[in-house]
Amino acid sequence: MTAARLSPAQRNALFAVCLGGLRNRDALPTKAVQTLDSLRTKGLLDADYQPTDAGRAVFAEPAPMPTEATPC
């Protein structure tokens, strides 16, 4: 899963959950709950609405490129 496959709302919600978790899902507006449910369906949040490894990987640093060029 890449960040390009997430809507802006999904990306923002996932980022917020990765930063501090979800404190009170019941107090959120309906659209926010639907966004979190879509992230859960995609496997980016677990049943407790905490980020999975795949969810955290969306914001992980990309692997460095090799410095040595390989012949074609």
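**View 1. The whole chain and its surface.** The chain exposes about 5,400 Å², and carbon and sulfur atoms supply 55% of that area. Keep in mind that this is a predicted model. You can pick out 3 helices and 0 strands here, so the order of elements, starting at the N terminus, reads α-α-α. Of the 72 residues in the chain, 24% count as buried. Now look at who touches whom: among contacts with a separation of 6 or more, 56% come from residues 24 or more positions apart.

**View 2. Helix α1 from end to end.** Helix α1 covers residues 8-20, which makes 13 residues. How far apart should its ends be? At 1.5 Å a residue, helix α1 should span 18 Å.

View 3. Which residues of α1 are buried? They are Gln 10, Ala 13, Leu 14 and Val 17. These residues sit on the same side of α1, because they cover an arc of only 100 degrees around the axis. Check the other side of α1 and you'll find Pro 8, Asn 12 and Leu 19, which are exposed. And what do the buried residues of α1 pack against? Their partners are α2 (30-41) and α3 (53-57).

**View 4. Where α1 meets α2.** Two packed helices are described by the angle between their axes and the distance between the axes. For α1 and α2, the angle is about 80 degrees and the axes are 9 Å apart. Angles of 65 to 115 degrees count as roughly perpendicular, so α1 is roughly perpendicular to α2. Which residues make the contact? On the α1 side they are Ala 9, Gln 10, Ala 13, Leu 14 and Val 17. On the α2 side, look for Thr 35, Leu 36, Ser 38 and Leu 39.

View 5. Thr 35 is found in helix α2. Is Thr 35 buried or exposed? Its relative accessible area is 15%, and buried means under 20%, so Thr 35 is buried. Leaving aside residues up to four places away in sequence, Thr 35 touches Ala 9, Gln 10 and Ala 13.

Methods. Residues numbered from 1 in each chain as written. Predicted model: local features only at pLDDT ≥ 70, side-chain atom pairs only at ≥ 80, totals over all residues. Heavy atoms only, no water. Helix = DSSP H or I, 4+ residues; strand = E, 2+ residues; numbered from the N terminus. Buried < 20%, exposed > 50% of the residue type's maximum accessible area, 1.4 Å probe, protein only. Contact = heavy atoms within 4.5 Å. Areas by Shrake-Rupley, 256 points an atom, 1.4 Å probe, with all protein chains shown as cover. Expected span 1.5 Å × (residues − 1). Arc of directions from axis to C-beta. Axes fitted to C-alpha atoms, helices over the stretch in contact; angles between N-to-C directions. Parallel < 35°, antiparallel > 145°, perpendicular 65-115°, else oblique.
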